[in-house]
Each structure stands twice: as structure tokens, then as C-alpha cells.
Amino acid sequence: MTITEVPRKAAPDTPVSRTPTAVSDAPERFSGATGGVSGTQKRNPIKPKRDRLMTALSLAAAIGGTLVGVIGFAMSYSTLATVALSWGFSERLAPWFPVGVDASIIAFLALDLYLIRKSTPWPLLRMAAHVMTGATIWFNASSQGEIAADPVKAASHGVMPVLFVIGVEAARRLIIQKARLEAGTATDRIPLHRFILSPLATPKFYRRMRLNGVTSYPEMIRRQQELIAYEQWLKRKHKGDLSKASEDERLPMKMAAYGYTVAQALALPEQQEREAEARAEEAERRRLDAATRRELELKQAEADRLEADGRLEAVRARVEGDTGQARAHARAQVSAAERAAERETAALETAIIAEARAREAEAERVEAREREAKAAADVRAAELERQAAEKRRLAAEADRVAVAEAQAIETAEIAEARQRAAEADRVAAETERAAAEARRHAAEADRLAAQEAERRAVAAADVQAARKREAETEAAAAETRLAAAEVERRAVEIEDAAKLTPRERAVRKVARMALSAGLVTVGLGPHEIQRELCRVISIADVQRELAVSSTDTASKYRQEAAELLAQGYRPK
């Protein structure tokens, strides 16, 4: 494999050759770095064993440093206070001048040590402390006059602050080194004798050590030994001609400048192949994941669409069911109204016909009685006429006999016969009068019959007029029912379009019932409308029209209908 691009990251250690003999305290094993070369080799934190000597030295350093600092600051305080008075400071401010100068040194150095301990150093604090230390040294040295006139005396006054700064710098170095040791980032120093014995190669060695981030001097020695040993082995393999070596075999020499060990450089081809395969596998996995996600998204979108269609169908079915129920309810109400109107019309027609028939039967009964009375009068009159005729015949016979007897002898018997004839004439006259009375009664019966016939004609005319009025009433009722049905149909359509609830539909139905019953709301307030509505529409009517069994529900419907009418509701 030919390497054309140098990676920025070192490969894991993969030993391919025998470890060369350790030289100059170099470790026997190859570099085991698993990450990059630059600062990735974690060294175990060094935990020095404390012994009595180290403890004693630490105590002596702490006590001595404290004494040096206290003595130095005390001497500096006395000297600077005197100098401040000579420089024109007042007796009140002069003692505070050395406190401000020396306290600034302590504050800056303490803050610098604290920030170093927190791994956030700020060099400006250290520079400011050194500047203030220099100023203190200068003030103390110049307090005895000209420095050049008596340099020993001036140095004796300025040496104490210098000793204090040296002690602080030693403590600072100790803290920094301890932090590096704990973090595993402490860097070994190249021995001085190496610079002396190899003055040309050692700076290059130092440069490679710093650029590659190698903190261990023995580790860097080991790497150099491995590279030299591998190069010699490669020359021996190709009989001194390194040009015959392949690109992969020459990798350790090329990659050494970038901090790679021999094992890491030789492992680069295989590592890059693995990484290429991993990248390809990752790309394929991402492609499959993307395809799976797309498929899942499509299926989820299809499921959402089907779910939305299902919800839409459910809502549509519910709305259609409510609409159908409302329409069926409206049609049932219209049919009930029509049947009620038909029953009312039939009842009215039956009553009128029954009344007319009763009047006809009464007239026929009166006519029959009159006919019977007339027939009886005719029979009596005929009987009287017969009797009168018989009496006249007898009278004529008596007259004839009387005339005959008169012609013979006018005797007492003739007179008696004449008397009887006169009596017969009287009886005949009475019979005539009775016949006349019977004829008068017959005439009266004829007159009454004529009046009854006239009454029957008037009754028949009334029946015809009643039937005509009934037909007109039926036509008007039919038109009213048609108009009511049309209003109900438009109201149902409006309610369907408004998607009203069954309760709202029921309330509007009660309002239309009230308006159909003749309720007038013009000029009336809500309470008057409520009272008039209760007058024209009963709870039983609401229960019957809306098919509800609860009187409380019917009462609430009626109350809400009154409120709706008070708000100005009118069916279109």
C-alpha cells in the first residue's frame, strides 16, 4: 500500500520487530500510546515517599522562609517608613506606605500561587509582584544615600526583599511541578552533559521532543533507538539500498518527524484500511438508517393520513347521523303536525256533518209528525164530510118525507121531522165547521211543512256553506302546514349548516312552535315573552313534539326558547 497522505493522528502501537537493546536507561518495551503522539502518553502520577528527612527539610524551609520574610518585611517597613517621612509624607500616612508596598507583593504572589494551583496562571500578577519587589529593593537601597557611594550598605538594605522573592519563586516552582506530576504532564529535562557531548544533534533532539509532545526523556531516547535499529535492519534486508524498500517499509523514517514510533508507522496502512472499512461500513449503515428512516417516515405519514381519514370519516358519519336524526325528527314533527291537522279537520268535518244530519233528522221527524197530523186531519175531515153527507142525505130524505107528508097531512110528526131536519142541518153545519177547521189545520200543516222544507233547504245550504268553509279551511290549513314544513325544512338546513347540537336544535324547534302558535314578541321584554310562551306552549306540548319524557328538560327547553326569542330569533 502506498501512503500519499500523512495522517495527523498516530496509530496504536503494533510491534513488528524485536525490541533493541536498552541504552541509556531507556525502557525495554515499545511505546504503548493508544492515542495521538502529542501528550497522549499518560504517566502514572509520581507519589514520592515521605520520610523523616524530607519532612524535616520541609519544616526547615517553611520556618526559614517565614523568618526571612518576616525579618525582611520588618526591616523594609522601618526603612520605608523613615524614607516616606523624608519624602514629605505626613506622620499619619508615612507608616502606611511600607504596608501598601510590601502587602502588594504578598497579595500578588499569593494570588499567583492560587491561580497556578487552580491551573489558571496569569503572568501579569507575577510581573507586578517582581516590579513591586524591585521598587522595594530600590527604596531600601537608596534610603542610605547614594548607592554608588556605599554599595555594601545599600545592598545590605536591599538583600532581604530579594531573599523573600527567591523563597516565593522556589515555592512557586514546587507547586507547578507538583501539579504537573499529578496531571502526568511533567516534562523531563535533557541532561546538560548531552548538550556538551553532542552540541549539534541535541538541539534537534530537543526540538523533536517538544514538537512531538514527548515529556519523557528516556521515552525519546527509546524512540530514537528503535528508529535507528529499524533503519539498520531495513538496510540489511535490501543490502544497503533503501530505494528498493516499499513505501510501507519506509514509513517509519518518513513519519518519525511527526512523532510516530516505528510500530505506529508500520501499523498505519493496516489502521487506515481498517478505518476506511469502518468509514465504508459507517456510510453503509447511515445509508441503511436513512433508508429505514425514510421508509418509517413514509409509513408513519401513511398511518397519519389513514388516521386523519378515519377521524374525518368518523366526524362526517357523526355529523351525517346528527343531521339525519334532526331531519328525521323534523320530518316526524311535520308528519305529526299534518296528522294532527288531518285529525282536527276530520273531527271538525264530523262535527259539522253530525250537526247537519241531526238537523236533517229533526226536520224529517217534524215533517213526519206534520204529515201524520195532516193525514189524521184529512181522515177526520173525510169522516166529518162523510158524516155530513150522510146527515144531508138523511136530511134530504127527511125533507122528502116531510114534503110528502106535508103534502099529505101537515101533522105534528111533520113538524117534528122538520125539527129533526133543522137539528140535522145544525149538526151538518157544525160538521161543516169542523171540516173547515180540519182544512184550516191541514193548511196550517202544509204551511208548517213548507216552512220545514224551507228550513231543510236553508240547512242544506248551510251544510254546503259549511263544507265549502271546511274545504277552504282545509286548503288554508294545508297551505299553513306547507309553509310550516318549508320553514321547518329551511330551519333544519340552517341548523345543519351551523352544525348545531341536538339541544340547540330542540330549543329552536320550541321557538318555532311558539311562533306558529301565534306568539307575538314585538314590544315585549324577556319576562313578558317567557310568560306568553308559557301561555301558548305547554310542557306537555314540548314533551310531545320533542319526544322527551322529563318535564324538567321540557321546561328548560321552553325557558331557553324564550331567551332565544328575546334575542331576536326568527326562522328564515
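Two rings of Phe, Tyr or Trp (its six-membered ring) make a pair if their centres lie within 6.5 Å; planes under 30 degrees apart are stacked, over 60 edge-to-face, and the rest tilted. This is a predicted model, so local features need pLDDT of at least 70 and side-chain atom pairs pLDDT 80 or more, while totals for chains, interfaces and linings use all residues. Residues are numbered from 1 along each chain as its sequence is written, and side-chain values use heavy atoms, leaving out hydrogens and water.

**View 1. An aromatic pair between H6 and H7.** Searching the whole structure turns up two aromatic pairs. In the one shown, the ring centres of Phe205 and Tyr217 sit 5.8 Å apart with planes at 80 degrees, so this pair is edge-to-face. Phe205 belongs to helix H6 (residues 201-211) and Tyr217 to helix H7, so the pair ties together parts 12 residues apart in sequence. Helices here are DSSP runs (H or I, at least four residues), numbered from the N terminus.

**View 2. H1 crossing H3.** The axes of H1 (residues 52-86) and H3 (residues 123-141) come within 9 Å and cross at roughly 65 degrees. (Axes are lines fitted to C-alpha atoms over the stretch in contact, and angles run from 0 to 180 degrees between N-to-C directions.) That makes H1 roughly perpendicular to H3 (65 to 115 degrees; under 35 is roughly parallel, over 145 roughly antiparallel, the rest oblique). On the H1 side, Met75, Ser76, Thr79, Leu80 and Val83 make the contact, meeting Thr136, Phe139 and Asn140 of H3; contact means heavy atoms within 4.5 Å. By class, that's four nonpolar, four polar and no charged residues.

**View 3. H13 against H14.** H13 (residues 539-546) and H14 (residues 551-566) pack at about 100 degrees, axes 9 Å apart. The two are therefore roughly perpendicular. Ile539, Val542, Gln543 and Leu546 of H13 meet Thr551, Ala554, Ser555, Tyr557 and Arg558 of H14.

**View 4. H13 again, now with H11.** H11 (residues 502-516) packs on H13 at about 125 degrees, with 11 Å between the axes, and the two helices are therefore oblique to each other. Ala506, Lys509, Val510 and Met513 of H11 meet Asp541, Val542, Glu545 and Leu546 of H13.

View 5. Mean pLDDT (the predictor's confidence in each residue, from 0 to 100) is 76, and 84% of residues reach 70 or more. Confidence is lowest in helix H4 (residues 151-183), with a mean of 72, and highest in helix H7 (residues 217-237), at 90. Over residues 1-48, pLDDT is below 50. Where pLDDT is low, the predicted coordinates should not be read in detail.

Note on methods:
Nonpolar A, V, L, I, M, F, W, Y, C, P; charged D, E, K, R; others polar.
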